Amino acid sequence: MKNISKAFNGITVLDKVDFSLRKGEVHALMGGNGAGKSTLMKILTGVYSADQGEIIIEGKPVSINSFDDAKVNNISMIFQEFSLIPTLTVAQNIFLAREQKNSLGLLNDKESEKRTEELLNELGVNIKPTDIVQNLGVGYWQMTEIAKALSQDAKILIMDEPTSSLTKNETEVLFTIINELKAKDYSIIYISHRMDEIFQICDRITILRDGKYITTEKCSETDLDSVIKHIVGKEFDQAFEWQERPYSADGPPVFEVKNLSAGEKVQNVNLKIQPGEIVGIAGLMGSGRTELMRCLFGIDRIDSGEVFVEGKKHTIKNAGDAIAAGITLIPEDRRMQGLVLQHSVKDNMILPILSKLKKGLFVDNRRANDISKRFVEKLNIKTDDIFKQSNLLSGGNQQKIVLAKWLAHDPTVLLLDEPTIGVDIGAKTEIIDIIREMADSGKAILVVSSELPELLALSDRVLVMHEGQIKKEMKRTEINSEEELEYAIQGF
Ligand SMILES: Nc1ncnc2c1ncn2[C@@H]1O[C@H](COP(=O)(O)OP(=O)(O)OP(=O)(O)O)[C@@H](O)[C@H]1O
Ligand SMILES: [Mg+2]
């Protein structure tokens, strides 16, 4: 891609960007939230057209103005929000919309299953073509997406933050597959905010900042500090350190859960959080972490058990009950659950505090604007102004709006599920600081994170979940290293 420029409503988001991909290469595309990565890839897959610039494939200029054009040029994008239909089989999903038909025009399941079997074997993935997608783990959804792309003869695969919903093991499987594809001369564009992955799997890195091309480097010839410096634009220390914060360990807890059970995934959970305390929940995918958060916020039904906020017992049957009790959840899947995409940045942010902003019959607009502006600044949300429609913001910036929205609400108990997923390196430390600040004001914080450095930076105490139960409890001061925590998580 040469000299690619793109503006939306007169605002330049890509400014003469160059990007080149070699055969058999894994090329990382990096940059902060809103740098222009997804937009550049949407130009390559025909979702948007560039205002200026050229796309050249194997020496020939091509024009890509639709998804079909991209397909013709053997380019395929694996979306982060999966495009699979959960109730269909793996084979049906792969051949969706172009199912193998027999002479009577009926769908030929046998044929698609045979082709799927071949693809899965080629990928070395241990699932059956007849498996129903929703019964498989998220990692396998990813594999199905990859098989689907390969079935369409893709030679260039774009992966936009593929590991954000994968466990460590699933990530390793994905990396093995990426290496195999590489050996077969496929070319892969890999977008991720996780630095360790980039150095593990990529050959070269291209960095964008504020829509501008900064540099392309070989991974073997650069290092973490230099990459971070290019992304952020200045020297930056990304080490997360745990800070011992004072909290009242003896008095009554702010939040208490007794013998809580909900479905199969939450079984007899007991926990207490003191004012100002941050409690982390560790565990493998499927261990029940997200389900625990969901039932505490009234999304999933609680079968039995008791929930107390500031000593008062609350019955939680829906999110309204939870909010009334002072409990707030920042969900893992924020684009789906946390945002009204058609609404502006501001309207999303003030939604939970509308009643507090009422002055007589009307909303105090000045205060609403002030609050929104403050959070846009605080979280470094990249937007033209607070009135921009949320779905026009980059993925990571949408995540930040949801965070801001619930932080502005100022709950007594804050439940956070993967608070920095999809957020860039610069904003991660800011978010960690904000969570600490909230705790310091006497709140109870319960946080789930698969990123262990982040969990260790935040938590005063860590609970390890396995098969719906809390199996282990560790004071932060008892955990000496990331490896120790990893060991505790894997140890069941
Ligand atoms: N359709 C659109 N209309 C207006 N602005 C847009 C549109 N699409 C993207 N933008 C803007 O372009 C900029 C780049 O967004 P893009 O999604 O490419 O960022 P990104 O690098 O993928 O970030 P992230 O890491 O957060 O996913 C952002 O400021 C975004 O608000
Ligand atoms: Mg993006």
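**Cavities, a pocket and a ligand**

Student: Which residues line the second largest cavity?

Tutor: In this predicted model, the second largest cavity is lined by Phe 67, Lys 71, Asn 74, Ile 75, Ser 76, Gln 152 and Ala 154.

Student: What volume does the second largest cavity have, and what is its lining like by class?

Tutor: The volume of the second largest cavity is about 30 Å³, and its lining has three nonpolar residues, three polar ones and one charged residue.

Student: How many cavities of 30 Å³ or more are there in the structure?

Tutor: The structure holds two cavities of 30 Å³ or more, and the largest cavity contains about 90 Å³ of space.

Student: Where does the largest cavity lie relative to the domains, and why?

Tutor: The largest cavity lies between domain 1 (2-232) and domain 2 (255-490), because both of these domains give residues to its lining.

Student: Switching to pockets, how much space lies in the second largest pocket?

Tutor: The second largest pocket has about 960 Å³ of space, and among its 37 lining residues the ones nearest its centre are Lys 42, Leu 392, Leu 393, Ser 394 and Gly 395. The elements giving two or more residues to the lining of this second largest pocket are β2 (11-17), α1 (37-44) and α14 (395-409).

Student: What about classes there, and where does the second largest pocket lie?

Tutor: The lining of the second largest pocket has eleven nonpolar, 17 polar and nine charged residues. Domain 1 (2-232) and domain 2 (255-490) both give residues to that lining, so the second largest pocket lies between them.

Student: Now the ligand: which residues are closest to ligand 1?

Tutor: Of the 19 residues that surround ligand 1, the closest are Lys 37, Thr 39, Leu 392, Ser 394 and Gly 396.

Student: Which atoms of Asn 33 and Gly 34 lie by an oxygen atom of ligand 1?

Tutor: For Asn 33, a polar side-chain atom lies 2.9 Å from an oxygen atom of ligand 1, while for Gly 34 a backbone N or O atom lies 2.8 Å from an oxygen atom of ligand 1. Gly 395 also has a polar backbone atom 3.5 Å from an oxygen atom of ligand 1.

Student: How much of ligand 1 does the protein bury?

Tutor: Taken alone, ligand 1 exposes 640 Å², and the protein buries 92% of that.

Terms used: Residues numbered from 1 in each chain as written. Chains lettered and ligands numbered in written order. Predicted model: local features only at pLDDT ≥ 70, side-chain atom pairs only at ≥ 80, totals over all residues. Heavy atoms only, no water. 1 Å grid on protein atoms, 1.4 Å probe; cavity = no way out; pocket = protein on both sides within 12 Å on 5 of 7 lines; lining within 4 Å. Points joined across faces, edges and corners; volume = space filled by probe spheres on them. Domains from an automatic or database assignment. Nonpolar A, V, L, I, M, F, W, Y, C, P; charged D, E, K, R; others polar. Near = heavy atom within 4 Å. Polar contact = N/O pair within 3.5 Å; in protein donor to acceptor, adjacent residues only side chain to side chain. Areas by Shrake-Rupley, 256 points an atom, 1.4 Å probe, with all protein chains shown as cover. Helix = DSSP H or I, 4+ residues; strand = E, 2+ residues; numbered from the N terminus.
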